Each structure stands twice: as C-alpha cells, then as structure tokens.
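Let's take a look at a protein model together. Have the sequence and the 3D view ready, and we'll start with a pocket.

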Amino acid sequence: MKNLFTIVLFLVATFSFGQSDKDMAQETVQQNTLKAHIYFLADDLLEGRGTGTKGNKIAASYLANSLRKYGIQPNPLTGDYYQKFSLSQTSQPESSLLKLAGSVVAEQVTLDGPAMEFSGSAVVAGYGLEEDYASINVTDKIVIVKAGKPEAANARTAYRSREEKKSSPGKMELRD
C-alpha cells in the first residue's frame, strides 16, 4: 500500500509540475526573435537564395551560426552544420526556332539538345516512356512526345521526367 501511495504521489507531482511542449515553446521562443530570423532570411539582400548564389551561402552560414549559438551540436560525422550533395542545373537555350511544315511554331520551349536540321516524317510517342515506343518505328523520324507524365503535365514534371524518358536525337516534347 505504501508503494502504491508513493507511485500515485509521484505521478500527480509529475503531471502537476511538468510542462507541455506548448508551454515550453512559449517560454523559450520569443516572437520577436523568430520574426527577426524570418525577416532576415526573406530579405532581398539574400537575392532569393537561389541554389549556389551568394545569397544562398549567406543564408546557410546564418542558419549554421544560429544553430551554433543555440547550442545545437554539429553533425558528428562531418563536424559542421552543412550537408553536402550534388545538384545539376537545367535551363533552356537563349533562342530556338521550330518550324513544322514550313510554319514557325511560336509557342514552344526547348529544354535541351543539340542544334539540328531535319526534314522528314514525324511520329507521336505518347509521353515518351519505354512502353510508348513498343508498337512504333522511330527510325529516321522526329519523335514528338507529350511533356511531363500521364499523371502530371506541368512544367516542373516535364523537367523532372526527362531522365526516365527514352531518348532520341530528334525528340520533341510538346505541352498541351
């Protein structure tokens, strides 16, 4: 009975004096401090924090120094607050010209590829995925595919899905 009373007393004391996460956050995080971090990271000085830019490096340094100031330990494997990874950047060429049947196609975007001239037949290959080529012959033809994937045909998906699409020297991706 004595042990039961001790356990009940301990639980009551724990729940009475324990802080909730909300209470602890309200005591340790000051609204003005949080606003200052947000305003600095959103400032035009950081030039949008584009990948690899000076503004991106300033933001990364600011965050690392803030973590250090708050006593957060760096990554034990690297000894710092940064995570290294590779990125590749894709941008469209400065200019491109597409003519079909002698007419200039005004609404087109060239994602990448070598300059070329070609006259001949064209074939449509769905979204340009492996299964889209199963029943068509693309030899010596321009291959026209839909940009993106069946589940999403927006510009972001068009860029991201290029690696998994079957390649052809004369492939064109068109958006609906």
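Thr 51, Gly 52, Asn 56, Lys 57, Ala 60, Tyr 81, Tyr 82, Gln 83, Lys 84, Phe 85 and Leu 87 line the second largest pocket. A pocket here is an open set of points on a 1 Å grid where a 1.4 Å probe fits, with protein on both sides within 12 Å along at least five of seven lines, and lining residues have an atom within 4 Å of a point. This is a predicted model, where local features need pLDDT of at least 70, side-chain atom pairs need 80 or more, and totals for chains, interfaces and linings use all residues. Residues are numbered from 1 along each chain, and side-chain values use heavy atoms, leaving out hydrogens and water.

Here's that pocket in brief:

| Second largest pocket | Value |
|---|---|
| Volume | about 250 Å³ |
| Nonpolar lining residues | five residues |
| Polar lining residues | four residues |

You'll find His 37 in helix H3, which covers residues 31–42 (helices are DSSP runs of H or I with at least four residues, and strands are E runs with at least two). Is His 37 buried or exposed? His 37 counts as buried because its relative accessibility is 17% (buried means under 20%, with a 1.4 Å probe). Skipping neighbours within four places in sequence, His 37 touches Tyr 62, Ser 66 and Tyr 70 (a contact means heavy atoms within 4.5 Å).

Zooming out, the chain has five helices and five strands. Of its 176 residues, 17% are buried.

Technical notes: Buried < 20%, exposed > 50% of the residue type's maximum accessible area, 1.4 Å probe, protein only. Points joined across faces, edges and corners; volume = space filled by probe spheres on them. Nonpolar A, V, L, I, M, F, W, Y, C, P; charged D, E, K, R; others polar.
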